[in-house]
Amino acid sequence: MTHIITSLCLRDGACAQVCPVECIVPGKPEDQWPWYYIDPDTCIDCGACVPECPYEAIFPEDEVPEAYTMKPGQVRMIMRAPGDIERYEAQGGEVVNLREDIPFNYKFFKEGPGYSARQM
């Protein structure tokens with residue numbers, strides 16, 4: 001099991017700084033992979049990253065909400081496919097399925113630019 005950084009991520013980077021196994025990397029190129037990603041093969045599921053995220057974007061994979069209620073002014077970077085990104089600012093009360101973000105985490109490490117924490 002791994003943690004997932006969802007589309008609520010706005011690239012703060014505090015999560016990567018506290019990760020004891022350096023498994024969190026920024027998506028590159030940013031215009032194709034707009035948020036941070038957690039390497040599922042390296043993540044030890046410690047959860048140190050969760051309280052560090054100012055956007056509350058990180059969840060254990062099995063707890064990523066299917067019905068997340070957006071807060072007023074909260075921003076979401078909606079990625080339909082790598083490079084097909086839409087910035088959305090909530091009015092508040094909109095319910096979104098953040099589970100749709102899970103495949104992008106795995107796709108980043110499998111089919112993306114192949115960055116690993118050691119290449120940062």
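In the predicted model, strands E6 and E7 form a hairpin in which two residues lie between the strands. Gly83, located in the turn, has a positive phi of about 90 degrees. The two strands, E6 comprising residues 75-81 and E7 comprising residues 84-89, run antiparallel and are joined by six bridges.

The cut-off applied here is a relative accessible area under 20%.

Helix H2, which spans residues 102-110, contributes a set of buried residues, namely Ile102, Phe104, Asn105, Phe108 and Phe109. These buried residues pack against four strands: E1 (3-5), E2 (24-26), E3 (36-38) and E6.

At the level of the whole chain, the secondary structure consists of two helices and eight strands. Read from the N terminus, the order of elements is β-α-β-β-β-β-β-β-β-α. The protein chain is as compact as a globular protein of its length, since the radius of gyration is 13 Å, close to the 14 Å that the globule rule gives for 120 residues. Along the principal axes, the C-alpha atoms fill a box of roughly 40 × 30 × 20 Å.

Of the 120 residues in the protein chain, 46% are buried. Among contacts with a separation of 6 or more, 66% are between residues 24 or more positions apart in the protein chain. The accessible surface of the protein chain amounts to about 6300 Å², and carbon and sulfur atoms account for 46% of this surface. Regarding charge, the protein chain carries 10 positive and 20 negative side chains. The centres of the positive and negative sets are 4 Å apart.

Conventions
Residues are numbered from 1 along each chain as its sequence is written. This is a predicted model: local features need pLDDT of at least 70, side-chain atom pairs count only at pLDDT 80 or more; totals for chains, interfaces and linings use all residues. Side-chain values use heavy atoms; hydrogens and water are left out. The radius of gyration is taken over C-alpha atoms; the globule rule is 2.2 Å times the number of residues to the power 0.38. Buried means under 20% relative accessible area, exposed over 50%, partly exposed in between (1.4 Å probe, protein chains only). Contact means heavy atoms within 4.5 Å. Accessible areas come from the Shrake-Rupley method with a 1.4 Å probe; for residues, only the protein chains shown count as cover. Lys and Arg count as positive and Asp and Glu as negative; His and the chain ends are not counted. The place of a charge is taken as NZ of Lys, CZ of Arg, CG of Asp or CD of Glu. Two strands pair if DSSP finds at least two bridges between them.
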